[in-house]
Amino acid sequence: MGKDVIIACDFASAQDVYAFLDRFGERRPFVKIGMELFYAEGPEIVRQLKARGHKIFLDVKCHDIPNTIKKTMRVLSRLDVDITNVHAAGTSRMMEAALEGLTREDGTRPLLIAVTMLTSTDQEIMEEDILIKRPLSEVVMSYAVTAKYSGLDGVVCSPPEAAAVHDVCGEEFLTVTPGVRFAESAAGDQKRIMTPAAAKEAGSDYIVVGRPITEADDPVAAYERCVREFVG
């Protein structure tokens, strides 16, 4: 899997998603199914979008005790998604259990990545709300290293952190980066953001783009602009 733009399909219903994706005609962009859509529609939305030919990042950010996560991932492994994730804060034992549960009997599995620190979090929020007093960049790198040594394939991090993650974890360790906006777009609730072109320069492997595409007057043109700027 090479560099790609993943569209965050943060819609409330399958009907909304199908109406949105129908605008792309024969094109089948890589899509992210987040918690809102997955909780609204359940596993069937994954099956339907896979049947339509889409690659899927199932972004449900699992975080629980290792045994629960192992059993959860065993269920998710049946859905044939391409990428799914857990929270790195769940510890190495949890991530190792997730990997074990996600691996099918034939040895195949989706890519498993770990969320480091949400892109809506900055240094002040991390210190005041989570009571972590270390530099945010240091926390992200620590989570990334723990994820790598737990056997995971990569992390979710902000675009400005992608290069540093590759420096400490290697070029093959994936960086999936939300918090991507066009230069003229509003930041919304995101704190650590970059443009698609800057994310490319920073070393992101995948960018996850939601509102700048889904809320654009012409979503297809916005998506194509992202691909042009990020993939080339």
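This briefing covers the overall build of the chain, its aromatic pairs and a few individual residues. The model is a predicted one. The chain holds 11 helices and 8 strands, and 50% of its 232 residues count as buried. Its radius of gyration is 17 Å, which agrees with the value near 17 Å that a compact globule of 232 residues would have.

**Overall build**

- The C-alpha trace of the chain spans about 45 × 40 × 30 Å along its principal axes.
- Among contacts in the chain with a separation of 6 or more, 67% are between residues 24 or more positions apart.
- On the charge side, the chain carries 27 positive and 36 negative side chains. The centres of these two sets lie 4 Å apart.

**Aromatic pairs**

- A search of the whole structure gives 4 aromatic pairs.
- In one of them, Phe11 and Phe20, the ring centres are 5.2 Å apart and the planes stand at 45 degrees, so the pair is classed as tilted.
- Phe30 sits in strand β2 (residues 30-33) and Tyr206 in strand β8 (residues 206-209), so the pair ties together parts of the chain that are 176 residues apart in sequence.
- Phe30 is buried at a relative accessible area of 2%, and Tyr206 is buried at 1%.

**Residues with positive phi**

- Lys61 is not a glycine, yet its phi is positive, at about 50 degrees.
- Lys61 is part of strand β3, which covers residues 56-62. With a relative accessible area of 22%, Lys61 is partly exposed, because that value is not under the 20% limit for buried residues.
- Asp80, which is not a glycine either, has a positive phi of about 65 degrees.
- The position of Asp80 is in the loop between α4 (66-76) and β4 (83-87). Its relative accessible area is 45%, so Asp80 counts as partly exposed; a residue has to be over 50% to count as exposed.

**An exposed loop residue**

- Glu105 lies in the loop that runs between α5 (92-102) and β5 (111-115).
- Glu105 counts as exposed, since its relative accessibility is 87% and the class begins over 50%.
- Lys71 is 34 residues away from Glu105 along the chain, and the C-alpha atoms of the two are separated by 14 Å.

Technical notes:
Residues are numbered from 1 along each chain as its sequence is written. This is a predicted model: local features need pLDDT of at least 70, side-chain atom pairs count only at pLDDT 80 or more; totals for chains, interfaces and linings use all residues. Side-chain values use heavy atoms; hydrogens and water are left out. Helices (H or I, at least four residues) and strands (E, at least two) are DSSP runs, numbered from the N terminus. The radius of gyration is taken over C-alpha atoms; the globule rule is 2.2 Å times the number of residues to the power 0.38. Buried means under 20% relative accessible area, exposed over 50%, partly exposed in between (1.4 Å probe, protein chains only). Contact means heavy atoms within 4.5 Å. Lys and Arg count as positive and Asp and Glu as negative; His and the chain ends are not counted. The place of a charge is taken as NZ of Lys, CZ of Arg, CG of Asp or CD of Glu. Rings of Phe, Tyr and Trp (its six-membered ring) pair if their centres lie within 6.5 Å; planes under 30 degrees apart count as stacked, over 60 as edge-to-face and the rest as tilted.
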